[in-house]
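Open your viewer and get ready to click along.

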There are 2 protein chains.
Amino acid sequence: MEIHVISDGKQTVCELTKRIVMIHDEVDYIHIREKTKSVSEILEIVSILLNNGVPKSKLVINDRLDVALLHEIPNVHLPGHSFPIEKVRRMNPDLRIGRSVHSLQEAIECEKAGADYLLFGHVFPTNSKPNLAPRGVQQVAGICQSVRIPVIAIGGIIPNNIPKLSGMNLSGIAVMSYVIASDNPKNALQELRLSLVEVRNRENTV
Amino acid sequence: MEIHVISDGKQTVCELTKRIVMIHDEVDYIHIREKTKSVSEILEIVSILLNNGVPKSKLVINDRLDVALLHEIPNVHLPGHSFPIEKVRRMNPDLRIGRSVHSLQEAIECEKAGADYLLFGHVFPTNSKPNLAPRGVQQVAGICQSVRIPVIAIGGIIPNNIPKLSGMNLSGIAVMSYVIASDNPKNALQELRLSLVEVRNRENTV
């Protein structure tokens, strides 16, 4: 299963890049999701990461399609309030386009529109959405059954609840503060990975 | 002299578009500068304006280069914390690229980098920058003398202080809340235009 780590917008350029450089070897994708940072700060983040050996292919730019286009970063992630998938695809057929979805219907529509993968959540209760009920594991399973493109689950995922996501053909998980705001991001990530491996092993022996 | 009207980021999509539709006939450029609105809200603004007869050629997209590229809007305005001018120019040679500057040196550098025009300010005291001393008329005059590309002045410009900007080869003025937050935007704009015409007539008779 893929692991996506998403920046939480709460760290300085220095703090954030230090943490990502520390963990990039063990993640599949790193989403730069910095809603309140300026373009020049985002470009600084990208530049520090590339200069410290983080491969471009692991970087995903959230919402700022222009940053991805100008700096030839091959992955963008579109929140629901961003550009229509079709328009982005027409402009750049080679871009890997992810899309956040919050319902089965939206998932089906976004697959049809040409998304390369879907990010669905939030699955479990999470501090980042304290007033919104989690959408639950059943909905993730329903979406995984209904679309052919990869589905990544997000929201409140910690090692302890990863077993609940087993057996549903999920392609990966995404975490935000659990890793990026952790005192020990590398350790947090290793525990997630361990839990994922255990689940996969159990699935394979069933 | 050109008149640029810049959105102030404080109005709803409905309020803002209503005001722009009301005044677009009498301005040269309308800057969509909406730092906290989502891409889909900005696209909605653009779409409403175009559907109501505002010409694309008058629209200037602030910072969101991707919105301009995807919707073929020919003008972008780059704040100092946005993309480097050269990179944007290389990506799209036909785009009209404006740049905000705050000093003579920055103005010279941005002309060299390929900006099509400069926006310099703030010239007069303004409520939008209450803790920052205005840069004054002398600096505007110095920049107008030192660069060949058009210079647009911004910051606290009202009909009464427009005469202070005469005789310096300024290409235009930009206003934000004075027009866009006015109870009567059309009237506010007409008073600005009147003052500009008076100044121009006086210059021509000297």
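**Where the copies meet**

Start with both chains on screen, and keep in mind that this is a predicted model. Select the interface residues of chain B: 100% of them are also interface residues in chain A, so the copies meet through the same surface.

**How the copies are related**

**The annotated stretch of chain A**

Next, select residues 13–178 of chain A. An unreviewed UniProt entry annotates this stretch as "domain: Thiamine phosphate synthase/TenI". Switch to a cartoon view and colour by secondary structure: over these residues the chain is 36% helix and 18% strand.

**Two helices in chain A**

Stay with chain A and select helix H1, residues 13–23, together with helix H8, residues 185–205. How are these two helices of chain A placed, and at what angle do they pack? The angle is about 45°, and the axes are 9 Å apart. Angles from 65 to 115 degrees count as roughly perpendicular and those under 35 as roughly parallel, and H1(A) and H8(A) are therefore oblique to each other. The crossing of H1(A) and H8(A) is right-handed.

Show side chains here. From H1(A), pick Arg19(A), Met22(A) and Ile23(A); they meet Pro185(A), Lys186(A) and Leu189(A) of H8(A). In this contact between H1(A) and H8(A), four residues are nonpolar, two are charged and none is polar.

Finally, hop over to chain B and select H1, residues 13–23, and H8, residues 185–205. In chain B these helices pack at about 45°, with 9 Å between their axes. That makes H1(B) oblique to H8(B), and their crossing is right-handed. To see the contact, pick Arg19(B), Met22(B) and Ile23(B) on H1(B), then Pro185(B), Lys186(B) and Leu189(B) on H8(B). Colour the residues of the contact of H1(B) with H8(B) by type, and you get four nonpolar, two charged and no polar ones.

Technical notes. Residues numbered from 1 in each chain as written. Chains lettered and ligands numbered in written order. Predicted model: local features only at pLDDT ≥ 70, side-chain atom pairs only at ≥ 80, totals over all residues. Heavy atoms only, no water. Axes fitted to C-alpha atoms, helices over the stretch in contact; angles between N-to-C directions. Helix = DSSP H or I, 4+ residues; strand = E, 2+ residues; numbered from the N terminus. Parallel < 35°, antiparallel > 145°, perpendicular 65-115°, else oblique. Left-handed = near helix turned anticlockwise from the far one by under 90°. Contact = heavy atoms within 4.5 Å. Nonpolar A, V, L, I, M, F, W, Y, C, P; charged D, E, K, R; others polar. UniProt positions renumbered as here; feature names shortened; annotations may be inferred.
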